[in-house]
Amino acid sequence: MNLTVGVVATEINYDEYVEVICRSGVKTVETAGRSPEPFMERFNEAGIKVIHKCVAVRHALKAERIGVAAVIIDGFECAGHPGEEDVTGLVLIPAAANTLSVPIVATGGIADGRGLAAALALGADGINMGTRFMVTEEADIHQNIKQSIVDMTETQTSLIFRSFRNTARVYTNDVARKVSEIEAAGGDFSEIHGLVSGDKQTEAWQSGNIDAGMVTVGMCGGLIKDIPNCKQLIETLVSDAETIIDQRLAKMTSA
Ligand SMILES: Cc1cc2nc3c(=O)[nH]c(=O)nc-3n(C[C@H](O)[C@H](O)[C@H](O)COP(=O)(O)O)c2cc1C
């Protein structure tokens, strides 16, 4: 379960969400956005492990200090909110590994066995993927959206909400272009709120019209070329990473 704190414009009572999570029986929660500090006591009491997703090493260090079980390090390539410092995973993951003691889950830009092998080489203990799982048989989104990701290149994402210091990486569609225009003209959030609502994103996912709303997608959409089921995806990804480590890299070091 994911608890994302403070990235939407509407007022949310997060204590109620925390209570639902604590009573749900889940063993682990992924927190993101603001620090999970206000909720740690309740999560600890419920025996729930907290994994906090961070886009900066200093946030990861703070999360470690307040007692999270692990951190997810989200590189600039990621779908969704990469923060405002634009540090890619190639630097952010080892920078985090240099200073943290808790396990590190790498995320952002990982879509295949090469990404997994690279993340492990950079010091991560595991990986997380968002965009890749959108393009699986099980993902409950329209086939057209999955196909649009299969057809996209790594250059087809846009950063929106930068002028509000709440940057989000999304698919470059009509909505992203319109929002960018409004932001460039100095517009305020009230002018774009209607374009980027969660309802509109759901409409895009369900109708298959990629221009119906904001569509959250990461740069690694450009690496995705098929629509497997999750079992096939994981098996291929792990076996490709093993081949890279045991054969390609091993050959390089033994030469
Ligand atoms: C459709 C979609 C919705 C997402 N929604 C959230 C969210 O609500 N909260 C959150 O913390 N991250 C969210 N993310 C970000 C992912 O959890 C993850 O950090 C990101 O996808 C990693 O980058 P990748 O897409 O390159 O794998 C979302 C990602 C996608 C693709």
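A residue counts as buried here if 20 or more other C-beta atoms lie within 10 Å of its own, as exposed if there are 12 or fewer, and as partly exposed in between, with the C-beta atoms placed from the backbone. The structure is a predicted model, in which local features need pLDDT of at least 70 and side-chain atom pairs count only at pLDDT 80 or more, while totals for chains, interfaces and linings use all residues. Numbering starts from 1 along each chain as its sequence is written.

On to the overall build. The protein has 10 helices and eight strands, taken as DSSP runs (H or I over at least four residues for helices, E over at least two for strands) and numbered from the N terminus. The radius of gyration, taken over C-alpha atoms, is 19 Å, close to the 18 Å from the globule rule (2.2 Å times the number of residues to the power 0.38), so the protein is as compact as a globular protein of its length. Its C-alpha atoms fill a box of roughly 60 × 45 × 35 Å along the principal axes.

Then there are the domains, whose bounds come from an automatic or database domain assignment. Domain 1 covers 2–129 and domain 2 covers 143–223. Some 15 residues from domain 1 and 13 residues from domain 2 take part in the contact between them, where two residues are in contact if their C-beta atoms, placed from the backbone, lie within 7 Å. The C-alpha centres of the two domains lie 23 Å apart.

The ligand has 21 residues around it, and A32, C78, G130, T131 and G218 come nearest; to be near, a residue needs its C-beta atom, placed from the backbone, within 6 Å of the molecule. Two elements, β1 (2–5) and α6 (131–134), each give two or more residues to this shell, and α6 gives the most, with three residues.

What about the interior? The largest nonpolar core has 64 residues, and V71, I73, I93, A106 and A119 have the most contacts inside it. A core of this kind is a set of buried Ala, Val, Leu, Ile, Met, Phe, Trp, Tyr and Cys residues joined through C-beta atoms within 7 Å. Domain 1 and domain 2 both give residues to this core, so it too lies between them. Setting aside neighbours within four places in sequence, A106 touches I73, G89, I93, A119, L122, A124 and I127. Helix α5 (residues 113–121) has A119 among its buried residues, along with G115, L116, A117 and A118. The cover over those residues includes α4 (89–99), β5 (104–107), β6 (126–128) and α10 (230–254). Just after α5, G123 takes a positive phi of about 115°.

Two residues in the loop between β7 (157–160) and β8 (168–171) are also worth a look. One is F161, which has a positive phi of about 65° although it is not a glycine. The other is R165, with phi near 55°, again positive in a residue other than glycine. F161 is buried, with 20 other C-beta atoms within 10 Å, whereas R165 is exposed, with 8. In another loop, between α8 (174–184) and α9 (198–207), sits E191, which is partly exposed with 14 other C-beta atoms within 10 Å.
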